[in-house]
Structure formats: C-alpha cells, structure tokens
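This report describes selected features of a two-chain model. Please consult the sequence and structure shown below while reading.

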Amino acid sequence: MRRAKRPRLIARTELRRRWRTMKGNTMQLLALAFAGVMLLPFSLGGVFGAYLAGGFIAGSETEPLIEWARMAFVYGWIFVVGFGGYRAYAVALRPDNLDGLLTTVSHRDVIGGLVLAELVLWSAFFLTVGSAATVAFAVGAGSLLTIPALLLTLCLLLATGIPAGFILALGVRNAGVRSRLLSRLRTLFLFLLGIGYFALIFTNAFASVLEPIYRVLAPTPIDWFGDLAALGLGIGASPLRAIGAVGFTGAFVVVAIASLYRLAAWLWYADGVHITHEAERSDDGASRFQGLSKVLSQPVFGVVAVDWKRARRSPISLSFALYPLIVLAGPSVTAVQTGEIGTGLPLWILLSGTWVSGSLFALNVVGQEGAALPVTLLSEAPDRSLVIGHVLSGALLIAPVTVAATVIAGILSPHSVPVAASLGVSALVLSAASGAIGTGIGVVFPRFEAVSVSRSTKAIVPSAFAFAVYSVAVLVVSLPTVIAHSGIAGHALASVIGVNRLAIGLSGTLVSAVFACLVGIVSMYVARDRVRDYRLG
Amino acid sequence: MTRDTNAIETRELTKRFGTEIAVDGLDLTVDHGTVYGFLGPNGAGKTTTMRMLTSLTRPTDGEAWIDGRPVSERDSIRTSIGYLPEEPPVFDELTGREQLEYFGRLRDLPATEMETRIEDWLDRFDLIDDADKRIDDYSKGMRQKIGLIQALVHEPDVVFLDEPTSGLDPRAARTVLDVIAELTDHGHTVFLSTHILSVVEELADVVGVLYEGDLVTEGSPAELTARMEAEEGTTLEDVFLSVTAERGPTASESAPGNAGDATARRDGRVEDDERIADR
C-alpha cells in the first residue's frame, strides 16, 4: 500500500464515523442545522462584503491596503490555529480504538489520517464559502488574477494552520499526560480557560489578547500570506514575499509533519502519570456531618452523605452544573472593572445559585443511581430517601453560599439593607426549593447512559432536555423576585403602585416563594410517585 | 537486530510506573506453533506484558523479540502480530463487515483475498446475517467475535489474545477454542491470557503464571500439576491457587505440595531461587 493511502483510509473512515454518529443524534443534527441557519446569512453577508471590499480597494489610492491585507491573513492564521488546536485537543486527538489502530498501522499513519480528516472538514467550509467570497472580491476589485491568488492563499493558510493547531494540542496533551499537577488540575484549568474565554467575549477584550500574538507573528513569514493574496490587486504586494509564502508553506509542512510524528508517538506510547487514590475512610461523611445524621433519617442521611462523597471525589462529574455560573461572568467582570457593585449583581448571584443548587444532585434522581439502581429500588422506601436526600444534598451545600453571597453583594450594592435582606430571603427559599423543582422534571426526562465528561471520566449527568425544562422553571419562579428587586422595573412598580421599594421587594420575594414551594411540592410528589412505581425496563 | 529463534522471547523484561513495578524482569521463551497460556490474578501484570510485547508500551528495562525482531522496531513487528485486547477494539458506528474491511485494507491485504477471508471468518463465527448491521447493535459476544476476526484476518505469525472467550456463549466459545487449536496446527503462535483455567488446561502447551509482576511458575499443564506432588486429581486450578496465594507463612503452609516453597521475603517479593518453577 502506498504510504499516503493509509492516512486517506483512516481519514475517510473517521469522517464516515463522525457523520454516522451525528446522524444518529437528534440534538447534534439540530445543532448542525442551527449552525447552518446561523452561518448562512453570515456567509452570504461575507460574500457580499467581499464584493464591497473588492470595490473599495479598486477605488482607493491612499489607504495602506497591503498592510491591512497582511494583518488580515495573520489574524486569519491565528484563528485557524486557535480553533484547529481546540478541535484537535477536544475531538480529533481522541480516536476510538487507538490500540487496535496502533497494532495495525504506524502512529504516523494514524496522526496523518486524523490531520487529513480535519483538513477536509475545514476545507469543506473554507473552500466553498471562501471560493464564493474570492470570486465576489475579484469581481469587485476587477482583477481576475486575484481568484487563484486568494484561493491558493486560503489553501496555504489551512495547510499550515491546521497542523500548527495539532502541534499545539499535542504539546498540551503531552504535558498533561506527563505532569501529575496538570493531570490533577486539568478540570480546573479548563474551567478557568472557559471562564476567561467568556469573560473576553463579554468584555470585548479579545484584541488585548490577540494583539501581542499578532506582534509576535507579524515579523514572520506568516505575514507574507497577505502579499500572495494581494497579487494582482496593484496595492504594493511584494512578489518576492508572495513566492516566499509558498516556499515557507512547503518548509513548514515538512517540519510540521516531522513534529506531528514525534509528538504523536510521545503521546500515544506514553505511560502517563498514574494518579492513585489514597484509601478513603468510609466513615468520612458520618464523622464530618454527625449533627446532620442526628436530624435526618438514616436513609436520607445516607443519600446526602454519598452525594457529597461522590462530589468530593469526582467533582468533574458535576461540571455540568457549573454552566449557569457563566451568566455571572459578565456582571462580575463589570464589577471588577468599575470597582462598583451594581443592583444587578446580587440578582445574578441569587439566580445562578438557585440554578446550580437544584441541578447538582436532584435533576436525575433515578438515572444517576447507575448500576446501583436495582439495589436502590429494593431498599426501604427508596422514593422518600432518594427524592428528599438528593434535594437536601444540593440545598444544604449551595443555599448557604448563595444566601451569604447575595446578601453581601446586596449590602455592597446601592440596595438598602432591608432590600438586601429581602434578597437574602429570596435566595434562601429559591435555592432550597430548586432541588425540589428539579426532582420531578428529572424523573420524567431521565438519562441512564454515562457520557464522557473528560478524557478518562464518564458520568451519568441529567438529560439536556431535563436541564432545559428545569432552567425555564427556575427562571419562571424566580421572575417575581428578579423584577421586584431590579433597579428599573422595581422602581417603576413602586411608582405605579405607590408603595416603597422594600414593599415591592418583599412582595416579589413572597410571590416567588409561594410559586417555588407550590411547583417544588408538586414536582416532588411526581418524583416520589415515579420512583415508587419505577420498574426496570 | 533480528534473531531467528523463538516466536516470542523476553529477557529481563521490566515495566515500572513511577515506583510501582508492574512487570519485574520477565524471562519468557515461546516456541513457534504453540499456545502459551498466560495466567495470573487481576493486577498481576498480564496486560502490561502483552502491551509491551505488542509494542504499545515501552519496557522500562530488558528486551523482547517477536519472531526474532525486537519489539522496539514497531514497524517491523506490526505485520507479524494480531492482538485482541480485553475490550474488543471495534468502532460502534461501522458495520461488522466495514470494520473488518477497514482493518484489512490498513493491513494492505489484496481486495479479493481479504473479502474471501472475511466471508469465511464471518461464516465460521455465524455472523453472516449480522455482518451489515452496525456494531452498535451487536451483543457483547458478537463484538468479541469481530475483534477476534480482526486479530486473525491477516494471518499473523503471533496472536495475542486477552480473554478471547469473554462474553461468548458456550457454542461460540467452543468455536474460538477450535480456531486457536487450528492456528497452532498451521504454525501460528498464540499467546493466550485468560482467567478460564479449563481453556488453558485444554489448549496450552506451556503455562506461565504471573504474580505481582513475577513469573512464579512455568511449564506444561501436566508438569505443573505433577510438581505439586499432591494427591491424585490435582488440577491447574490448585496450582494457580497455590502459587498466587498470599505470600506469608499461613498462606504457604496451607498450600499443598511444593507451594510452600513460594514463601515470600518480608518485602513481599519472591526471589528467583525461591520460585517453584524450574524455567
């Protein structure tokens, strides 16, 4: 078999497998369709924008257009490397059946196939939309030579950017499997990275991160891609730099291939660090929460203690519950930037704390029992212990934090102390009741299959549908509190009704509390009935 | 460097993970056309040994050869080996036939020959009717069969099988055992790791028992049971239980025959001269 044939076969099979996986997953298909619908106007707008840009260039004599072209392609390269690297890290470098592949073909064939598969995926988008935009741009600029020049540049951008992304991802993965510290803290690093990413989005601070990278790359041959793309436009592109861009790509690809081979071998044949767990004391929970064991019945306390132990020993399994905290990123960054806490921040804390509290343990009461479900169902009154236990696990853990953070933020904000206290009551009731709200939803839309939450960890997390329904329910019951305590709406209500802000705030708290309790009680009854009558399929 | 002696040979093969010793100075010799039964309790180092012999893991110390070629030369030994890991190496999204064709192509088998072989194997394992269903829908036994065919379809000289009968019903298990016996008849070598002692007793020409990374005994099933010097009816299970018993006075005293020789040092490891095996 010719050397290139195996990577091609691996790439083709990878793409076929991914497509079949996607076809079999309604959520993924919907996401793809949604992305397509969202991208279509952008793509059409991009093509039209390219036409306008071409026309602008043709009519401009004073602007430093070649500098813009160079800068655009350097930023384009950074984009391809960044997202290519992310995809390589998260998706491409985790091939299934790696042992089977490595005992059949060389690691060079495997990494070649994986990179090729990614190149095909990227090219499918870049070279279709890119071709249309290229033609539109050339028509606008009135230069036919621009078409081959731009298309060639796009190809070179992908041919260098995707391998560079893989090299970065392989570097990170190699560090991760060799460093005990990185292995242990991988979840934390990824979480912080995610928070940082969203913080950049919310604060429009991308430029401050990209600018230094651009400054590093601008003096390198990456800057020459702009010259190649601009050949034929008559804006001062250097033919020498354009030829250099092609030569650089050839050299880069050769070096990249050698590096990919080496890094892939290091990664896939690495022993990796071995994280061993120290012997755990089985009475951890009982000794630490002795007071609780006196208050709760043994079965309920057992559920709470096990929930907390599992959470402590495998926090990554609960990472899904941190998604709501993303809504805190924007207000928190604003507070740090301005040095002031607005009236909105306590409300965001209340809302996200409530959201997390209910989703942490109570949103998949039946499913999260996993392999233990048959035994759990045969235990004494499992309906009572499971439902109440899981609700209490989240409430006892999160409600105190939510109440304290809400009250402190409320006091530091322009809210009066009584209003801050009203917010605190809301936080207490809502974060305690959200688990109850979640239980019924969780048993109606359970998930029994484990999903990968990290490279080495699988966990049974709530179904996406249950999470969505629960999120809507929590938002609805929280709405009166949010409206009553928000600056503009609260003030408007107070003016219209003719009472003070505290009365409005307390009313909002009361309405939310009644709503939350009613919905929570109904939901818990549904959960108890379902658990009591549950039969294994 | 190549050696033209044995199908598998290891010398002082050692694997350490940090301070933990998984395999400790393993010396093995497996002749061509034989079945080597590799036994040991969970965590003894069997899978690590197989991963070293299949080049998936680098040894910390020592050397190993497959068909006379060092395992460090991955590209040269890959064509000589077939490997069925404990978890069948299959892609859920492919059909059984697609899976086998994929690996056949990667192995560079000529198309017609590959199709004939795959058809034969599918027929042999009673999978013809299900060959075009996705592996997603396969039972554990069917996945195991596909994994086994995948390890054999290129007719490798040396086959490493990790629990090949796991999840198979008695009829399918019998087919697998017959296949293993036929492989050796045709000169192939089988390195068989399993917990099912009756399988080893039936098929293995030589049995090695690994315990805490050490090869604590080795020989033909008949030799091993004879060494026990116990009453009639001693089985391979008795041998296994005796040599893998907790190494301490109580355990060794309770073991029949020569098993008492496998007394441990205070550090929990057995020195070579204390092993009951004469290798």
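The model is a predicted one. In chain B, four strands make up an open sheet, arranged in the order β2-β1-β4-β5 with antiparallel pairing. The edges are taken by β2 (20-30) and β5 (69-70) of chain B; each has a single partner strand, so one side of each is left without a neighbour in the sheet. Strands of a sheet pair through backbone hydrogen bonds, either parallel or antiparallel. The bridge partner of I66(B) in β5(B) is R69(B).

Chain B also meets chain A, in a contact that takes 25 residues from chain B and 19 residues from chain A. On the side of chain B that touches chain A, the elements tabulated here each supply at least two residues.

| Element of chain B | Residue range | Residues supplied |
|---|---|---|
| α2(B) | residues 74-77 | at least two residues |
| β6(B) | residues 81-84 | at least two residues |
| α3(B) | residues 96-106 | at least two residues |

The largest share of this side, four residues, is from α3(B).

In chain A, G344(A) lies in helix α15 (residues 344-361). Is G344(A) buried, exposed or partly exposed? G344(A) counts as partly exposed, because it has 18 C-beta neighbours inside 10 Å, and a residue is buried only at 20 or more and exposed at 12 or fewer. From G344(A) to H390(A), the separation is 46 residues in sequence and 30 Å in space, C-alpha to C-alpha.

Notes: Residues are numbered from 1 along each chain as its sequence is written. Chains are lettered from A and ligands numbered from 1 in the order in which they are written. This is a predicted model: local features need pLDDT of at least 70, side-chain atom pairs count only at pLDDT 80 or more; totals for chains, interfaces and linings use all residues. Two strands pair if DSSP finds at least two bridges between them. Two residues are in contact if their C-beta atoms, placed from the backbone, lie within 7 Å.
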